Structure formats: C-alpha cells, structure tokens
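I opened this model to work through one chain's fold and then its contact with a partner chain. My notes follow in the order in which I looked things up.

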Amino acid sequence: MSERSYAGPPDYRAVSRHGVFPDVSHDEAARFNFLAHLNRHLATEVLPGVKRAYDSRVLPKLTAELGRAPAHRREVRAAMRDEPIYQLWSALRRATMEQRQQAGRALVLRQLGELNARAAALNANADTLKLDLELKLPRYIEGVDHHLMPGSYHTEVVADDVSAAANYDAGIFATTGGGLGRLNDGAGAALVSWLSQHAADFKPARILDLGAGLGHNTLPIAALFPEAQVIAVDVAAPMLRYGHARAKSLGVNNVQFVQANVESLDFPDGHFDFIYSTMFLHETSFSALPRVLAEVKRLLAPGGRSLHLEQPQYTEDMDVYEQFIRDWDAFNNNEPFWTTMHELDLPKIAQAVGHQAAEIVESGAAAVLDPQLFPAAALAPTAPLAAEDYGRKAAWYAFGTRAA
Amino acid sequence: MSVNVNQLAASKAKGKRPRYFQSAEAERTLNIAMVLAQELAVARERIDTLERLLEANGTLRRQDIDSFMPSASQAVERGEWTAAFIARVLRVVQQEIESIGEQKSLAATVEDLRQEEKLP
C-alpha cells in the first residue's frame, strides 16, 4: 500500500513532545500503536457487524414483542444485552480502554520523580499557577474514575504530582487515533475555526476556559488572542501543574491556571468577554450543570459570548439505535452523567438561568485533520476517513450564548 | 519514593466492571488474549525496527543471536521486563481480586446520582 493511500491511524511517534511530555520508549509507543489500530478495527470492521445483527436479529424480535418499533434507547439496550456480536464488540472496546490506562500509567509511573521534577522546574516561582489544595472536590468528580482512569484527574500518587495529567496526555493521541492533531488540541482548533467563521470581529480581552484540564484546548485560544488574559480553571491540581508547565514549555504566557470549582468562582460579575468549555459539561452533574451555566451568565460581560463543545445531543431526530451506541460510554466507560447530559434541553436551562431565547446559539464545530498525519484525507478532504468511532469523533455540538 | 509501578499501572477504575458474556471465564480469557495480541504486535514492531536498522548498517550475523549469553546485569534487566510483562497480561486477574467485596454497578451509581438529585 502506498504512503498516500494509507488511511489508518498515524504512528504514535508523530505525537508532539513538549517540555513535560513523558519519555515514551519504542515498546510503549508500539503498545499505543496497537490500541489505535484496534480501536480503528472495532469502529470500521466490528461495529457495522453490530448494526447488522441489530437489524437482522434483534430489531425484528423486539418489534414483534413490543408490537411497535422501539421508542427509546433503553429498550434497545435491554434487547441488545444478549446479542453475541454486541457483547464481543463491547467487551473488546472495554478492553481497549483498560489497556490504554495500563499502558499510559506504566510509562508515566516509571518516570514519576523525573516528570514531577520537570514540571516543578517549569512552574517555579510562577504567579500564573494558582493552586488551592484545600479545595473540596465535587462528588461527581471525587466519586467517579472518569473514562476508566484509576484515580481520575485529581489523585496524587506522591506530593506535587502530575502523573494523572501525564497519563491523560500520553494516551489521548492513541485513543483518538491522532484525530485531534499532534498536540491533541483539535477541540481548541475547532473553536478557533468556529470563531473565525461565526464571530470574525470578536476580540475578547478576558477569556475563561471551564474544566480546562491540562489546557489542551486553552492554548489555541490563547494563541488566537495573544493580547487577552486567559484563565484556565479546573478542580484537579495534577492537571493544572502539568498544564502550566506544558504551556510554559510551548512558550504560551498569557494563561493563568487556577484551581477552583466552576460552580462558584471568585471573579466579579461581568468579568469575562468569552467563556467556553470543551467536553466538560458531561463530567458535571444534573444539579451542578445549571449552577455552572448560571455562573457563566453572571461572569459574562455585556456583549460577551459563551460556547461549550460536546458530542451530539440525543435529539428526537437521532435514531434510537445510534443513541444507544453513543450511550455506551455512560455504562461502560465510567461517564455517569453522559446519558442524562445528552438528553437535556440545554437552551431551556440557559433560559432558566436568565438568558433570553434570542441569545442562545446552537451550532457545530469540527477539527480539521492534520494533513501530515492523514495524507490520504488531505488528498480527498471531503471523503469520510472511516466509519465513525462514536463518542470519539473530532466533531461536536456547539452550544452557547451571545448578548442580544 | 517507592511505587509498585506494575501493580499501580494496572489499577482498577472505580465501579463494578460490566459483564459482557454469560461466562466469566470467557470474559477473563478474552482480556488476557487481547493483551497477548498487543504484546505480539509490540514485539513484531520492535523486531521490524531492529531488522531495518541492522540491515542498513550491515552488522547482524544470525549465529550471534543463537550464541548470545546475557551478562548478570543484562539478565536482571530482562527479568524485570518479564515481570512487568506478566503483570500486564494478568491485569484482569489482579482487578478481579481488587473487586472482591466491592461495589455497586455503574448503573446503580447513575441511578443513585439521579435520585440524589431528585431527577424525574
């Protein structure tokens, strides 16, 4: 097969190495390569078989039992539980997520002291890293190991630890098959592209990134608005230490990394011109989400904008089978709020916290594949790269507000 | 600082692991097999790297591989690699043991959170 027609995931070694990126040995990279290929195989070769089994074996039986077509993804889920091809796809997908955690943790933990020392050196005496180590974690973070990360984002193996963040950063290139780019900042890049298309004259002076994690999707916005003051907030100290060190090593100096709970922030009313989040709302909770949106409303300056990127909502237009597949992460990948978040009427919640209907923005945003990572896609940019790996695709529902 | 990397890297995430098959034994075996498949791919990739480098340099003679005798320190390095390898392969067994006496299902946690927050 020629280099130009290869459409598989890129070799892991194409990932960008910044100043706190862990050392990755030959075999550790090869382990990630296997997982990226296994994910691709499951999405393109096995998942279509699950749909065939549903259409040919499960749906006719279920329709006969119900006396109608299934009306809710819960009915589909109950009927699919005993379908052997679904069981196999689901068991294999779970295995890839667990193997990805083991692979990332093993490579990070073997160099724990060295990584923490590198982060500490980059962070020394910085007034742009503001930790609050007494911060009480919300129960929806403390109680859940999100997407099967043992210890989630916040657990520290030793004091002043960055290992949770280093593990997250090391593995995401494999999990997404390079779809988010060499710095895994595809959602930030998608926001930059969205703003250029929909708000080209928008020049925010103060910007807030909610649940920013290690700042993957903060830095593209900070680079787009180099004069702006950017605040990246997260509850997890390891993510912020690592993210701050990463930003320093990449030469980005207009971002403050602040440890706080975004349900209640210590900034004055109307402080920010642009408030956004990427893949964050689904990691809050049913009661926290309206508090987060109310806080966004309070903090937005007159003329300000907010925008949140998430995987697509389960609307009435979406087939119940697709909803069921998209809902896999809730029940198999430790995302307990995923199922509820994706059925919520977010515009209604935004109005309940005080926005006018005319201020609501619903749109879509997508990352552009890096042509160096995906030469075949670069040659035929409109052709679909492969069957969709639901929940992992670098294309999002964009929800937000703009002042009327 | 003393961290058991092999064990800690293979830690279980919170929440009872979903069951996919009728047979727990089949489930366990599949997970072991998939790690073996991964490690086979890793070894294959490494051999491929070696062959290409050695071919380029013109330095390899096959009889040198068959007659190779590791030094004491080389033998220790290899032993440590094998121990880490086995900890990876048998991760699912470690996690089954870690889950003894645990825990509600993720669905029950979802339900708990819904009830706690008075969802309809």
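I began just after helix 6 of chain A, where A:G177 takes a positive phi of about 55 degrees; helices (H or I, at least four residues) and strands (E, at least two) are DSSP runs, numbered from the N terminus. I kept in mind that this is a predicted model, in which local features need pLDDT of at least 70 and side-chain atom pairs count only at pLDDT 80 or more, while totals for chains, interfaces and linings use all residues. Residues are numbered from 1 along each chain as its sequence is written, and chains are lettered from A and ligands numbered from 1 in the order in which they are written.

Helix 6 itself came next. Its 13 residues (residues 163-175) should span 18 Å at 1.5 Å a residue, and its end C-alpha atoms are 18 Å apart, which agrees; the expected span is 1.5 Å times one less than the number of residues. I found 13 of the 13 residues of helix 6 of chain A buried, a residue being buried if 20 or more other C-beta atoms, placed from the backbone, lie within 10 Å of its own, exposed if 12 or fewer, and partly exposed in between.

I then turned to the sheet of chain A, in which eight strands form an open, mixed arrangement in the order 1-4-3-2-5-6-8-7; two strands pair if DSSP finds at least two bridges between them. Strand 1 (129-130) and strand 7 (360-366) of chain A stand at the edges with a single partner strand each, so one side of each is left without a neighbour in the sheet. Strand 6 (residues 300-310) and strand 8 (residues 395-402) of chain A run antiparallel and are joined by six bridges, and I noted that A:L309 stands opposite A:A398 in strand 8.

Helix 7 (residues 186-198) of chain A packs on the sheet, touching strand 5 (272-278), strand 6, strand 7 and strand 8, and its direction makes about 125 degrees with that of strand 7. For contacts, the C-beta atoms of two residues, placed from the backbone, lie within 7 Å; axes are lines fitted to C-alpha atoms, for helices over the stretch in contact, and angles run from 0 to 180 degrees between N-to-C directions.

Last, I looked at the contact between the chains, which takes 34 residues from chain B and 36 residues from chain A. Helix 2 of chain B gives the most to the side of chain B that touches chain A, with 11 residues.
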